[in-house]
Amino acid sequence: MKKKISYIIGLLLVVTIAFSCFQKVFSFKYGDGIYEWTAYYDLPEDSLDLLAIGSSHAFENINPNVLWEEHGIASFDLCGSISPMWSSYYFLKEALKTQKPKLVVLEAYCLVKTAEYMDDSRIIKNLYGMKWNKNKFDALRTGTPKERWLEFGLSYIQYHNRYKDLTEEDFVRFKDDAPFYQNWKGFGNNFAVTPYEKPVYSFDEKTADIPEKQEMFYRKIIELCQEQDIPLMICAAPYPDYSEDDMRIFNRAAEIAAAYGVPFTDYNRFTEEIGLDWTTDFADSDHLNHLGNVKFTRYLGDMIEKNYTFESHKGDARYVSWDRALHYYQNSMENQKYAETENAEDYAKLLSNLPERCIMFISLKGNWDASRIPGSVKKALEEYAIFIDDQVPGTTHLWSHMESGDGELPVEKEEYYQVKIGKKELIADSTGIYWNLQNLQTTKHGLNLVIFDQENQQVVDSVSFDGDTIIR
């Protein structure tokens, strides 16, 4: 009998371990709403000053790095894509189990959404990151149709057939992007730039009804913060698709907030004061980009500092992850300058001041013409002992600025240059320059230049030149 019991226990243990491994590999690897929870659960208990909740209008617009750098405020964006008020409510309930922030900021964009249930992808992003407990169970029942509770509750039903889509990233934590996620504070820095004409709004104080389900949980969020004695600030971040209907729903939301004694600000009314440039500061019709989110968060941070009291945690060892997140962010913002530069002379200036954390590889191959490579670029490369004009046209050359002497690397067929970065490799040989097996060369005949950031473990830029034209 004892042997039989031991066998059953052993079998259950094996099945449990196997199923756990299956879940880790096959589960969805989204950042927003899923990895955000992983990062949130890793926070030291009761370390958070400010918690931002809401949709992507929060996690792409409210920049924790700016709040940390300029105010020493330890903040976190705990949000999901198109997160309705009921998802934000259960996010908040779950969040308060381990943290008691000094301020909660609710970004209210999703009050304009009329659907009773979000699409399947958004249900997943606003549900699957939470640990299984009553909050997740209640979020499941509220956010999915009753006939689909089992389907979304047994999450493997959603992803069991992902075997065709599996990649190496599915077998490692954080999609093998640990430098980004290990100190992540939930923020998505959108580097797209979409120009818009500056709109002319006719603001008024008329109101429109908030969809019933959204309003019910909007009130629940306010009431939960008041029950927990946590100050709440509600806002709508600026976005180009802002409409008269949206304005009137936000006007109604402001009335409700005022009845509870809670501040509500529609920042679409303050785009000039924020200093937003409609030609450069938006990623798309709904979100600020890497330039706009800094302006908005700086303005928001100043408002917060005027109305709330925070103790700066800079220099406190308990908050080192915010320092590390800021360092990663600053690297990525500096790297972005390369990707945004379209003028060869300006690009040459950047090359002359390449950060120490970066590796640069240059290949010269095919039927190249040295006269097609800008003189300013050649001069910048000569600072690293890379002399393009000394080479014989039609021959292949490979350099890295890390090498001593003339910097030239072997180009024989069987030879290559390799840099190990985590579990991935950066390889340069006579056929090209590869990161994670992807050839980054942008031309078969000419100069290919690849810059790689070793700290952030990301490709900064991959370009070639045709006269003064930069090709990516």
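Start by selecting Tyr267 and Phe296: both are buried. Keep in mind as you look around that this is a predicted model.

Now show the two rings of that pair. Their centres are 5.3 Å apart and the planes of Tyr267 and Phe296 meet at 80°; planes over 60 degrees apart count as edge-to-face, so that is the label for this pair.

Next, colour by secondary structure and see where the partners come from. Tyr267 is in the loop between strand E5 (264–266) and helix H13 (271–274), while Phe296 belongs to helix H14 (residues 292–307).

Phe180 is partly exposed, at a relative accessible area of 25%, whereas Trp184 is buried, at 9%.

Then go for a group selection: Tyr109, Tyr201, Phe203, Tyr239, Tyr242, Phe250 and Phe264. Together these residues make up one aromatic cluster.

Last stop: charges over rings. Which residue lies over the face of Trp322? Select Lys185, and you'll find it there, 4.6 Å from the ring centre. Then move on to Phe217, where the charged end of Lys220 sits over the ring, 5.8 Å from its centre.

How values were computed: Residues numbered from 1 in each chain as written. Predicted model: local features only at pLDDT ≥ 70, side-chain atom pairs only at ≥ 80, totals over all residues. Heavy atoms only, no water. Buried < 20%, exposed > 50% of the residue type's maximum accessible area, 1.4 Å probe, protein only. Phe/Tyr/Trp six-rings, centres within 6.5 Å; stacked < 30°, edge-to-face > 60°. Helix = DSSP H or I, 4+ residues; strand = E, 2+ residues; numbered from the N terminus. Lys NZ or Arg CZ within 6 Å of the ring centre and 35° of its normal.
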